Amino acid sequence: SGFANMLDYVLAGLGEWDDPYAARAMMAELGLDPAADPVRLSGGEGRRAALVRALSQEPDILLLDEPTNHLDLIAIEWLESRLASSRSALALISHDKRLLADLTTATVWLDRGSTRRLDRGFGAFEAWRDAKLEEEETERHKLDRRIASEEHWMRYGVTARRKRNMRRVDELADLRRERREARRAVGAAMAAQDAKASSALVIEAERIGKAYDGLFIVRDFSLRVMRRDRIGIVGANGAGKTTLLGLLTGALEPDSGSVRLGANVAMAALDQGRASLEPMTTLVDALTGEGSEYVTINGERRHVLGYMREFLFPPEQARTPIGKLSGGERGRLMLARALARPSSLMILDEPTNDLDIETLDLLQELLSDYAGTILLASHDRDFLDRVATSVIVAEGGGRWVEYAGGYSDMVAQRGYGLAGALVPPAAAEKPDRPPPERVTPKRKLSFNERRALEALPERMEKLRADLDELERRLADADFPAREPAAFTDATRIYGELRDALSGAEDEWLGLDILREELERQ
C-alpha cells in the first residue's frame with residue numbers, strides 16, 4: 001500500500017532510464033485501470049499490476065515465481081508473448097507446462113533435495129526425467145536395496161503413468177472424433193436417434209440465456225452433452241464460466257431457454273474454493289467420515305490407506321489435520337473426495353490450481369479412467385489439450401461457441417487464441433442489442449491444404465513408429481552407461497518427434513474440421 005493509485009504503484013518500480021509510456025501501454029493491454037486503488041485489487045488484478053511493474057523495467061535478469069497464478073487465459077497468453085519478445089534473461093518457476101515448453105531453453109529439476117540440469121527446454125524434460133528414473137530404479141534393484149513402497153509409488157510410478165497416458169492420446173482422439181460425428185448427427189436428424197442415444201444423454205440445453213444488471217453472461221446457447229464427453233470451458237476471468245457451469249447442471253435457473261438433465265445423472269463437484277472442511281479434520285476422516293477406515297469406490301470396498309496412496313499420500317499422513325496440508329495436498333484431497341462419491345457427471349472448476357506437475361499427471365490419468373462425463377472450467381492450456389473432447393469459448397456479449405478437440409484445436413479453428421482482444425467488462429453487450437454475426441467467407445480448401453490433409457496421416461504413422469522404436473531403445477537399462485552420447489541424442493530426438501507428432505495431429509484435426517465446415521456451406 002502507500003500508493004494513491006495503481007499507476008503510482010507501477011511507476012514507482014521504474015528506474016531513471018525506463019520508459020513510463022511502455023508501462024502505461026502494458027496496463028492498457030491488460031485492461032488495468034491506472035486510477036484504481038491498489039488496496040482494493042482482486043488477486044488477478046494485483047498479479048497483473050506486479051507483472052507490468054516488473055516487465056516495464058526491461059531488467060537484465062527477470063525472476064518469475066508462478067507468474068500465471070490468478071491469471072486468466074487471456075493474460076497468460078499476453079504474458080507468454082511479452083516474455084518471448086523480451087531481451088531479459090529469464091528464470092521461471094511454474095507448473096504451467098505450456099508456458100514452460102514455449103519459453104525455456106534449459107531446465108533445472110529439483111528432486112529430493114538435489115538439482116539436475118537439462119540443457120534443453122521443458123518440452124524435452126519429461127522423457128529425460130523418465131529415463132533418469134528408470135535408470136535409477138534399475139540400479140537400485142541391482143544393488144538389492146529395498147525401496148519403501150510409498151516412495152516407489154510416488155517417485156517411480158510417474159514413469160508408468162506417463163506410458164499409460166501416451167496410450168490414452170489415441171483414446172482421446174477417438175472420443176474427439178465421436179464428439180464431431182455426434183454434432184453432425186444432431187444437426188442432420190435429431191428425430192432419428194434411437195433409445196441408446198437417448199439414454200446416453202447427460203445434458204441438453206436449448207437456447208439458454210442469463211443476464212445480470214443488464215449484461216448478458218450467456219445468450220442463446222444450445223448444447224448436447226453425451227456420456228463420456230469431456231467439455232472444457234474457457235474465457236477471461238469474469239466471462240461467466242462458473243455461471244455457465246451452474247446453468248448446465250441445474251444449479252442456476254436460466255432467464256430464457258431450458259436445460260434438461262438425463263435420467264439418473266449423479267453429480268460430484270470440485271470447486272476452486274476447496275475450503276469446505278474443518279482444518280482440524282484428519283485426512284482419513286475427510287475421506288471416510290469419522291470412525292471408518294474404508295471407502296467405497298465404484299461399488300468396491302477399499303481400505304483408505306490404499307486409496308490415499310493413489311493420491312500420493314503416504315500412510316504416515318493419515319492422521320494429519322487438513323489445516324497442516326499444503327495447497328497442492330489440499331487440492332489432491334478434495335479431488336480424492338470428489339472421485340470417491342458415486343457419480344456419472346464430474347464438475348471441475350479450476351481443478352489444477354496449486355497442483356504440482358506430478359499431481360497434474362495423476363489427475364489427467366484419473367480423469368481419463370473416469371467412466372462418466374466431465375465439465376471442466378480451466379485456464380491450463382496443456383491440461384485442456386490432454387483431457388477435453390471439445391472446448392466452449394466465451395466470444396463476448398454472452399456468446400459462447402463450442403469447438404471440437406482441445407485448446408490447441410480451438411486455436412487452429414479460430415485462427416487465434418484468447419489474447420487477441422482484452423475487453424473490459426463494461427464493454428460487454430447490452431441485452432437490447434443483437435449479438436454480432438461472424439462472417440465466414442465461403443471458399444474451398446486450397447491445393448496446399450488438400451495436399452496436407454492427405455499427407456498428414458502417413459506422416460503421423462511414421463512419427464508414431466519412430467517414437468515406438470525410440471521407446472524400445474530408451475527402455476534398455478544399459479543404454480545410458482553403454483552409449484551415453486547416443487542416449488542423450490535419443491532423448492533429444494524423442495522430444496522433437498513427440499512435438500512433431502503433436503503438431504501434425506493438431507494440424508490434421510484443424511484441416512479436417514475446416515473441410516467439414518466448408519462442405520456444409
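Tyr307 is buried, because its relative accessibility is 2%, where buried means under 20% relative accessible area, exposed over 50% and partly exposed in between (1.4 Å probe, protein chains only). Phe311, at 1%, is buried as well, and with Tyr307 it forms an edge-to-face aromatic pair, 5.0 Å centre to centre with 65° between the planes; rings of Phe, Tyr and Trp (its six-membered ring) pair if their centres lie within 6.5 Å, planes under 30 degrees apart counting as stacked, over 60 as edge-to-face and the rest as tilted. This is a predicted model, in which local features need pLDDT of at least 70 and side-chain atom pairs count only at pLDDT 80 or more, while totals for chains, interfaces and linings use all residues. Residues are numbered from 1 along each chain as its sequence is written, and side-chain values use heavy atoms, leaving out hydrogens and water.

Phe3 and Tyr9 also form an edge-to-face pair, at 5.6 Å and 75°, but Phe3 is partly exposed at 29% relative accessibility, as is Tyr9 at 22%. The charged end of Arg53 sits over the ring of Tyr9, 4.7 Å from its centre, a term that requires NZ of Lys or CZ of Arg within 6 Å of the ring centre and within 35 degrees of the ring normal.

Turning to the sheet, six strands form an open, mixed arrangement in the order E9-E12-E13-E7-E14-E15; strands are DSSP runs (E, at least two residues) numbered from the N terminus, and two of them pair if DSSP finds at least two bridges between them. The edge strands are E9 (267-270) and E15 (399-404). Strand E14 (residues 390-396) runs antiparallel to E15 and is joined to it by six bridges, and Ile392 has Glu402 in E15 as its bridge partner.

Technical notes: Helix = DSSP H or I, 4+ residues; strand = E, 2+ residues; numbered from the N terminus.
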